[in-house]
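Have the structure open while you read.

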Amino acid sequence: MILSELLDFFRASGFNNIDWRNVIMLGVGLGFVYLAISRDLEPYELLPIGLGIIIVNLVPFTGFAVYDPDSTDPQTSGLFGVVFHFGLSFWNILPPVIFLGIGAMTDFGPVIGNPKTLLLGAAAQVGIFVAFWGALASGLFSLPEAAAIGIIGGADGPTTIFLSARLAPELLGVTAVIAYSYMASVAFIQPPLMKLLTTKHEREIEMKPPREVSRQEKLLFPAIAMMLIILVVPQSAPLISMFMIGNLFRESGVVPRLTNAASNELLNIATIFLMITVGTQLSAERVFDVETLVILGLGLAAFSCGTISGLVFAKTMNLVLRDKINPLIGSAGVSAVPMAARISHIVGQEANPRSYLLGHAMGPNVAGVIGSAVVAGVFVSLL
Amino acid sequence: MALVYNHLRRESWALRGTAINPDCIKATEAIAENAGRASRVLQRCADDAGILTGIGIGTAFGLLVAMMIVILAIRLIVRLLNLGAAPDSSEGDPETREKALAAVVAVTTLLADQSRSDEHPATGA
């Protein structure tokens, strides 16, 4: 009697319900946690994602990440299943909320001070289409799925989640984690390409300090840009409008409490739910297939191509510009705010310690955020 | 559409296997028909992807160029209305430029230090 109850207890435990794939995913989750804590790599993303991966693979049968709208029984849906359904899949709330916070933290000064850097943000979007075509060529994905994979090349987590949730919800967990993983790895992916594609002389270029931008310019730009983008690509409105509203909160200077709430409390709460939920979508049975490996490769190709196209475009611009730009800032066009800009600055300083590229690189960095949101809007409009 | 293509492609590959037998005339015809359909669907898929790519890159470049123009127009208007009193640091005297450079250096160094701390998390965008 006692033995059978003990057996039942064992059968109901996690030990009896995990297989080797769950064990590997636990390793992946622990790896994310390690990178976040020990290497300080994107801790705000990798730590909650890693913990989400661990809990969903530790006890896969609990339904923690399940949402079952048809069930009449209580307690059949889990917290992160409900968050995934209502926050991402069905209503898509969290990415726009995160964009509000990002907007409240963004300074358009570098872009307004040196508007030609906007072009670098556009050039770096080439990576999106390389991955898009690669996904189609693999024959494994439909057009909407290929678009959701391609947007990984935008190196923009919320935009990737926004588009995947709209066009290919079944890929959401995978695309989001791959996007954030590569964003966390820009310090490893970009510098070799930057050094390979630029000469030492080009890396040493010192750029003039950007001009001082007036408050009126900082106020008018987000308002006009928001109207222009939304009129051209209405489907990008959820991201672009929230981004610009957050920025207008900041630049208006009259609502400091709203600015603080958007860039701190709201952003942090949304990040907690978004990241853990993304992690919980990475159950072993979802991850272990050929498609995921293909997406992993395509994401890397997209990141690399975005970096390369930004660098090459910056070099091309130098052919016609009188005041040369340091081509290293071209790689910051892949979004990944602010890591990509920081990498441009660090690699530039290695070549020339008197060169301060951080402010300049923020221009293409912010333009990359806008560019990838626009491309996402185009995909949603046409697919 | 691509799902249809994938289905047709799988179907045509399956039928191709049966077509090795020369007696399978019907199967061969079906293969030809399916291959033709698959080819058309593939062509349409490629056409759609090409259009998406063109519109996507074109829109991103077009809008960012338009924003460049907007920035220049705003700057001009602000100057004309004498609202933007901020001088262009690149056009100032050498002393002003040196001060501006020193300020940028100080701010970027501070930003770099702050970004390593926990006070300003990466935005994830």
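Chain B exposes about 7,800 Å², and carbon and sulfur atoms supply 64% of it. Accessible areas come from the Shrake-Rupley method with a 1.4 Å probe, and for residues only the protein chains shown count as cover. This is a predicted model, where local features need pLDDT of at least 70 and side-chain atom pairs count only at pLDDT 80 or more, while totals for chains, interfaces and linings use all residues. Residues are numbered from 1 along each chain as its sequence is written, chains are lettered from A and ligands numbered from 1 in the order in which they are written, and side-chain values use heavy atoms, with hydrogens and water left out.

Staying with chain B, its secondary structure comes to 3 helices and 0 strands, in the pattern α-α-α along the sequence. Helices (H or I, at least four residues) and strands (E, at least two) are DSSP runs, numbered from the N terminus. Of its 125 residues, 28% count as buried; buried means under 20% relative accessible area, exposed over 50%, and partly exposed in between (1.4 Å probe, protein chains only).

Over on chain A, A:F64, A:L79, A:I269, A:I272 and A:F273 make a nonpolar surface patch of about 430 Å². Helix α16 (residues 256-280) gives the largest share, 3 residues. A:L79 sits in helix α4 (residues 79-89) and is partly exposed, at 45% relative accessible area. Nonpolar side chains (Val, Leu, Ile, Met, Phe, Trp, Tyr) are joined within 5 Å, like charges within 9 Å.

Now for the rings: the whole structure holds 11 aromatic pairs over all chains. Here are two of them.

| Pair | Centre distance | Plane angle | Type |
|---|---|---|---|
| A:F86 and A:W91 | 5.0 Å | 50 degrees | tilted |
| A:F108 and A:F243 | 5.8 Å | 90 degrees | edge-to-face |

Rings of Phe, Tyr and Trp (its six-membered ring) pair if their centres lie within 6.5 Å; planes under 30 degrees apart count as stacked, over 60 as edge-to-face and the rest as tilted.

A:F108 is buried at 1% relative accessibility, and A:F243 is buried at 1% too. Their pair links distant parts of the chain, 135 residues apart: A:F108 is in the loop between α5 (94-105) and α6 (109-113), A:F243 in helix α15 (residues 237-252). As for the tilted pair, A:F86 is partly exposed at 25%, and A:W91 is exposed at 54%.

Methods
Patches are made of residues with over 30% relative accessible area and no salt bridge: like charges are joined within 9 Å, nonpolar side chains (Val, Leu, Ile, Met, Phe, Trp, Tyr) within 5 Å. A salt bridge is a side-chain nitrogen of Lys or Arg within 4 Å of a carboxyl oxygen of Asp or Glu.
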